[in-house]
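Please keep the sequence and the 3D view open as you go.

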Amino acid sequence: MSLIVEARHRLGNFSLEAAFTSEGGVTALFGRSGSGKTSLIRIIAGLMRATEGRVVLDGDVLADTARGIFLPPHRRRFGYVFQEARLFPHLTVRQNLNYGRWFSPKGARTENPDRIIDLLGISDLLDRQPANLSGGEKQRVAIGRALLASPRLLLMDEPLAALDEERKAEILPYLERLRDEVGIPIVYVSHSVAEVARLADKVVLMADGRIAATGSASDVLGGTRLSSAIDRREAGSVLSGRVEARDAAHGLATIRLDGGAAVLVPGAAVSPGEAVRLRIPARDVLVATVRPEGISALNILEGVVEAVDPDGEGMANLRIACGGDHVHARITALSVERLGLAPGLPVHAVVKTVALE
């Protein structure tokens, strides 16, 4: 799959000028509210005409202002999931799902309804009315309806924004299964670091209607440009690994990171062999020049300082190479000075287990 998006548009005093490409998986449009994420996804969907630009999916030109091409939304065969589920209140869950399938061209029906129902865990909801569903259940049904239209691309605009933390925790595993098992490319809009770190293969960081950075979740969410686009307190590292063992007695799991290091994390819901991602907030990483002893933190990673970036406000962002992984720390400029922290210095990155997500 190849998606090319180029857009220039003005809405009142706000101007959007953005371009990115996606090669499949989950591409997250990420940034503060008002950064232009929703405007861009609406242009992709055909719900808004850009002043200038083009949208091309697998060589199929859906919009090109220079050539006068604009395919209306219903002919693009995209699925769209909004913040609110927008289910038909007079139809049952089963009927809502069938409505999505009705829009799928017969020759393009690739999704098995039973498989999607099982994937989203909604088999027990089929005969219920939307009014009798929780927020998380409604969103799962809305996703199922979009998938059963056999879309070429799934667009998700802040699908968890209207849910409380408990409902978000309920639906995120289903989104992960959707990413890993269905194979439909997804453009996912969010301002949540936790969601993007957990789901995205590629991150397009937006700020003030422009693209501030693009790359993998680990590169963008740990990069220095992140702090200019979101709250600095949310910056951190995104690391990938695999569950090596579980300590059921203490509710901990040992994760072997791709770079070779092992860390302990709260692991009640993971199994040995499972691939996982970890997010380590930079503000929760301590830096020591000698290995600390007699402390409660269970994760002490040996590394070397690669970069020290002062922010001009009394703080500094450090990038530490720990084997093949990079851990980011946010500490005071005074600490940098007192410890003599500079590129090439061996250090220990200390991470509390409870800080890991």
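Predicted model: local features only at pLDDT ≥ 70, side-chain atom pairs only at ≥ 80, totals over all residues.

Residues are numbered from 1 along each chain as its sequence is written, and side-chain values use heavy atoms, with hydrogens and water left out.

**The open sheet**

- Four strands, in the order β14-β13-β12-β15, make up an open sheet with antiparallel pairing; strands are DSSP runs (E, at least two residues), numbered from the N terminus, and two of them pair if DSSP finds at least two bridges between them.
- At the edges sit β14 (262–266) and β15 (275–281), each of which pairs on one side only.
- Direction ignored, neighbouring strands of this sheet are turned by 50° against each other on average, with axes taken as lines fitted to C-alpha atoms.
- Strand β12 (residues 236–247) pairs with β15 in the antiparallel sense over 7 bridges, and Gly241 has Val276 in β15 as its bridge partner.

- Strands β10 (residues 202–207) and β11 (residues 210–215) are joined in the antiparallel sense by 5 bridges.
- Opposite Val204 you will find Thr214 in β11.
- This hairpin has 2 residues between the strands, and Asp208 takes a positive phi near 55° there.

**Arg330**

- Arg330 belongs to strand β19 (residues 325–332).
- Arg330 counts as buried because its relative accessibility is 15%, where buried means under 20% relative accessible area (1.4 Å probe, protein chains only).
- The Arg330 side chain makes a polar contact with the side chain of Asn317 at 3.2 Å; such a contact is a pair of N or O atoms within 3.5 Å, one able to donate a hydrogen and the other to accept it.

**The largest pocket**

- The largest pocket has a volume of about 970 Å³, a pocket being an open set of points on a 1 Å grid where a 1.4 Å probe fits, with protein on both sides within 12 Å along at least five of seven lines.
- Its lining holds 31 residues, and Leu172, Glu176, Arg198, Arg277 and Glu357 lie nearest the centre; lining residues have an atom within 4 Å of a point.
- At least two lining residues come from each of α5 (165–181), α6 (193–199), β12, β14 and β15, with α5 giving the largest share, 10 residues; helices are DSSP runs (H or I, at least four residues).
- By class, the lining of the largest pocket has 15 nonpolar, 3 polar and 13 charged residues, with Asp, Glu, Lys and Arg counted as charged.

How values were computed. Axes fitted to C-alpha atoms, helices over the stretch in contact; angles between N-to-C directions. Buried < 20%, exposed > 50% of the residue type's maximum accessible area, 1.4 Å probe, protein only. Points joined across faces, edges and corners; volume = space filled by probe spheres on them.
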